[in-house]
Amino acid sequence: MLAKLLGSLIACAAMLIGGCAAPRYTSLKEAYAGRFLVGTAYDPANFSPAEVENIQAHYNVVTPENCMKPASIHPREDAYNFGQPDTLVSWAEANQMQIVGHTLVWHNQTGNWFFQNADGTEVDAETLRQRLRSHIHTVVGRYKGRIKGWDVVNEAIDDNNTSETAKTEHLRNSNWLRILGPEYLTLAFKWAHEADPQAELYYNDYNIERGFKHESSMRLLKRLLAEGAPITAVGIQGHWDLNPNYAAIEKAIRDYRSLGLKVMITELDVTTRGTNTGALPGFGLGAAAQAAATRTAEEAATQAAADAAEREAAWKKQAVAYERLFKIFDRHAGTVTRVTFWGINDRRSWRATQQPLIFDGQMRPKPAFQAVLDAAHKRPWFPLPF
Ligand code: G3I
């Protein structure tokens, strides 16, 4: 009896101290159940059965990577492409997954027809207002009650930030801003809300968690809220490298919360090489591939071993970064309501050569996958004072 009691006490102590008895998660969505949603980018085209199974196993929310962007879904004024978006929405519903609509207003991947008259001259503000309103009502209205939330405005703040631009919203000089003025953002949020009053509405951007761009984002959000824009959350895209600015990320989450907003990490990827601006070659590609043609078998084997060692070291560092990031998100669960990876594996990533995701090109889990689960395994049992 005494031995049994002692055994229980030891087991309890072990659980409290080291999380020894913590559940060993194998699925991302289970590891963060009750904390925040875990998502991935997904366009329903040419996915292998293994890839689809992976999505079903690990995620409870999907964002279409491209098929709902204005140029895809509304290529001409009188033409909508609802094929892939409809397939995505039905598939997600059949698989009990939520859906994020991406994106309604962007400076990129948007047909020029929005901004031009039939004769090629620029439209006036009233025409553009009507076109945008009609676009938002048609797209959001079609999926009313089925899409959890929309990235209403994407990347409206300019880059090249300085201490001077930090004193302003520093809006990107897009056609939207030039023709409609700064009120285009508020209007877009209001129209999206009219079209689906239950949908959550997000402002989504990159690098807004740090530096001068963060200050501009705070100014912009305060103004939009003051103007009555029905914003639910800020999307921090999260295109990061091996050295994310962890302190800035945590501060940004608190700053946005202080405005009464939720926070979502909407396009997470952590590049293993170079900064997260793209363009760098992957391991064993480019110059290395050219040199390979003239190597002896022995030289080739040496090079392959060096590449593998370099990759292994980079993947370990990537795992450390992912674990630290998920510990931050987990600490702020409740404010952070969703974390979405920007793609399901390195081969499909828009930064494929920089291997930024947690599954490799063959869908095998990388060290970062285990690290993301471990961040949940190591979750403290006591509540944190946030
Ligand atoms: O669909 C066409 C295809 O018909 C054509 O043959 C082919 C030739 O290049 O292009 C295909 O379109 C490509 C599209 O991805 C679908 O694969 C575009 O060229 C390509 O530019 C586009 O890239 C996307 C990029 O946004 C566009 O800016 C990436 O996949 C997508 O991951 C990326 O996602 C953005 C987010 O929406 C917003 N935040 C930044 C993030 C990264 O840029």
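**Ground rules.** This is a predicted model, in which local features need pLDDT of at least 70 and side-chain atom pairs count only at pLDDT 80 or more, while totals for chains, interfaces and linings use all residues. Residues are numbered from 1 along each chain as its sequence is written, and side-chain values use heavy atoms, with hydrogens and water left out.

**Stop 1: the whole chain.** Show the cartoon. The protein has 13 helices and 9 strands. Both are DSSP runs numbered from the N terminus: helices are H or I with at least four residues, strands are E with at least two. Of the 386 residues, 50% count as buried. Buried means under 20% relative accessible area, exposed over 50%, and partly exposed in between (1.4 Å probe, protein chains only).

**Stop 2: strand β8.** Select residues 262-270. In this strand, 8 of 9 residues are buried. Which strands pair with β8 in the parallel sense? Strand β6 (residues 233-236) does, over 4 bridges. Strand β9 (residues 336-341) also runs parallel to β8, joined by 4 bridges. Strand β7 (residues 239-240) is a parallel partner too, over 2 bridges. Two strands pair if DSSP finds at least two bridges between them.

Pick out these bridge partners:
- A233 with K262 in β8.
- M264 opposite R338 in β9.
- W240 opposite V270 in β8.

Now trace the chain from β7 through helix α10 (residues 246-258) to β8: this β-α-β crossover is right-handed. That is, with the strands pointing away from the viewer, the path from the first strand over the helix to the second runs clockwise.

**Stop 3: the cores.** Show side chains. A nonpolar core is a set of buried Ala, Val, Leu, Ile, Met, Phe, Trp, Tyr and Cys residues joined through side-chain atoms within 4.5 Å. The largest has 99 residues; W150, V153, L268, Y322, F326, F329 and F341 touch the most other members. Helix α8 (residues 183-195) gives the most to this core, with 8 residues. Center on F341. Beyond its neighbours within four places in sequence, F341 is in contact (heavy atoms within 4.5 Å) with residues including L28, Y59, L268, Y322 and V372. A second, separate core has 5 residues, among them V61, Y202, A233 and M264.

**Stop 4: E209.** Select E209, in the loop between β5 (200-205) and α9 (211-226). Is E209 buried or exposed? E209 is buried, because its relative accessible area is 4%. The E209 side chain makes a polar contact with the side chain of R210 at 3.2 Å. Such a contact is a pair of N or O atoms within 3.5 Å; within protein, one must be able to donate a hydrogen and the other to accept it, and residues adjacent in sequence count only if both atoms are side-chain atoms. Among the residues E209 touches are H214, W240 and A252.

Stop 5: Go to H102. The peptide bond from H102 to T103 is cis, with omega near -5°. T103 sits in strand β3 (residues 98-105). Next, N46: phi is near 60°, a positive value in a residue other than glycine. N46 is exposed, with a relative accessible area of 74%. Finish at Q109, in the loop between β3 and α6 (125-142). Q109 has a positive phi of about 45° although it is not a glycine.
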